[in-house]
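Please walk me through this structure, one part at a time. Begin with the whole and end with the details.

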Amino acid sequence: MKFRRMSTISLDPRLNLQAIKNPPNQHGVVLEEIEGLLRVHKDGNIERPPIIPSVPSTLALPHGVTAKDVVIDKFTNLWARIYVPSHPGNLPVLVYFHGGGFCVGSAAWSCYHDFLANLACKASCVIISVNYRLAPENRLPAAYDDGFKTLMWVKQQAMSEPSEQRWWLSRCSLSSLFIVGDSAGANIAYNVTTQLVSRDPSSLRPLTLSLKGTILIQPFFGGEARTWSEKYATQPPTSALTLSNSDVYWRLALPLGANKDHPWCNPLANGVTKLRDLRLPAIMVCISELDILKDRNLEVGNALSSLGKRVETTMYEGVGHAFQVMQNSQLSYSRTQDLISHIKAFINQ
């Protein structure tokens with residue numbers, strides 16, 4: 001899959017058409033920017049400089065791991081990269097959503113390819129890494145829709161067992177399915193899980209019966225009122241998520257006119273009553289001590305726990321947001337190995 005540098009949209013909410021590309025260097029005023037990752041121009045042009053390389057599925061895999069890209073929906077260009085270790089037995093399945101504030105990122109990014117290939121190997125699981133549509137061209141709920149569509153695709157493959165998917169289907173147990181993601185991907189994992197368990201169970205069988213858990217790694221939630229960690233947490237200059245960047249991502253990802261107390265952003269905005277009746281699976285919340293999202297992650301985990309949901313919370317000390325894919329220090333590497341060990345324990349309990 002090629003990494004797309006640039007695409008063009010209309011920001012006029014009355015239009016659902018892509019604008020005609022303007023000639024290079026004539027895009028004018030920049031309305032929103034995440035330095036090095038994203039520029040949104042007034043004329044509707046979106047730039048995503050390839051600061052993180054995209055790599056093929058076959059690159060530098062751990063011994064015994066096979067990976068391939070599969071098309072889920074050719075009409076929306078929805079695809080996934082599937083990692084399969086050569087370990088014996090029926091392996092758990094993790095449907096994984098990458099981070100990037102809903103606006104950047106790819107299942108082909110080298111940092112995710114390395115992390116998920118190693119996770120598949122060390123935690124003995126099959127991983128389906130979803131390349132969902134990005135905002136602002138495709139605002140929420142597009143990413144949630146792609147996540148749900150992926151689960152329905154997994155169910156369809158399991159029921160029909162097409163020969164072209166046997167290479168991974170024969171290695172896994174769909175009675176042990178987990179929905180996983182980090183940062184914005186964890187937000188997607190959470191909202192896809194709530195959507196899944198809110199529907200008529202009979203329409204999704206056997207999928208709902210096989211959903212064993214949801215893993216939220218530094219979940220990207222927000223709110224109009226700032227938390228203590230958002231206001232005061234000391235961030236290194238190279239932090240993967242700053243408060244100003246967080247605000248930009250939400251402005252570009254939420255439906256036009258919505259604020260950060262929209263339930264997709266702030267699941268606690270309307271209180272916890274609506275969450276009480278959700279038949280949620282076991283949830284693992286992974287929190288970074290130096291992350292501006294630390295307090296929100298703790299609040300959501302504590303709220304779900306107070307409702308009697310099965311919640312396992314782990315704090316990773318001394319590291320910041322997205323440490324598991326940045327790994328720019330010995331400490332972050334060590335904490336990543338801890339995270340992999342904790343995920344392995346959670347999916348095998």
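**From the whole to the parts**

Of the 349 residues of the protein, 53% count as buried, where buried means under 20% relative accessible area, exposed means over 50%, and partly exposed is in between (1.4 Å probe, protein chains only). The model is predicted: local features need pLDDT of at least 70, side-chain atom pairs count only at pLDDT 80 or more, and totals for chains, interfaces and linings use all residues. Residues are numbered from 1 along each chain as its sequence is written, and side-chain values use heavy atoms, with hydrogens and water left out.

The protein has 12 helices and 12 strands. These are DSSP runs, numbered from the N terminus: helices are H or I with at least four residues, strands are E with at least two. The radius of gyration is 19 Å, close to the 20 Å that the globule rule gives for 349 residues, so the protein is as compact as a globular protein of that length. That radius is taken over C-alpha atoms, and the rule is 2.2 Å times the number of residues to the power 0.38. Along the principal axes, the C-alpha atoms fill a box of roughly 55 × 45 × 45 Å.

Next come the aromatic rings. A pair of aromatic rings is described by the distance of the centres and the angle of the planes. Rings of Phe, Tyr and Trp (its six-membered ring) pair if their centres lie within 6.5 Å; planes under 30 degrees apart count as stacked, over 60 as edge-to-face and the rest as tilted. How many aromatic pairs does a search of the whole structure find? It finds 13. In one of them, the rings of Tyr144 and Trp264 have centres 5.4 Å apart and planes at 80°, so this pair is edge-to-face. Tyr144 lies in helix 2 (residues 142-160) and Trp264 in the loop between helix 8 and helix 9 (273-276), so the pair ties together parts that are 120 residues apart in sequence. Tyr144 counts as buried because its relative accessibility is 3%. Trp264 is at 23%, so Trp264 counts as partly exposed.

Phe220 and Trp250 form a stacked pair, 4.6 Å centre to centre with 20° between the planes. Phe220 is in the loop between strand 10 (211-217) and helix 7 (228-232), and Trp250 is in helix 8, so the pair ties together parts 30 residues apart in sequence. Both Phe220 and Trp250 are buried. Phe220 and Trp250 also belong to one aromatic cluster with Phe102 and Tyr249.

Charges meet rings too. The charged end of Lys68 sits over the ring of Trp167, 4.9 Å from its centre. The charged end of Arg199 sits over the ring of Phe148, 4.2 Å from its centre. Here a charge sits over a ring if NZ of Lys or CZ of Arg is within 6 Å of the ring centre and within 35 degrees of the ring normal.

Sequence distance and spatial distance are two separate things to look at. Ile283 is in strand 11 (residues 282-288). At 2% relative accessibility, Ile283 counts as buried. Ile283 and Thr234 are 49 residues apart in sequence and 28 Å apart in space, C-alpha to C-alpha. Val300 lies in helix 10 (residues 294-306) and, at 5% relative accessibility, counts as buried. Val300 and Leu268 are 32 residues apart in sequence and 7.2 Å apart in space, C-alpha to C-alpha.
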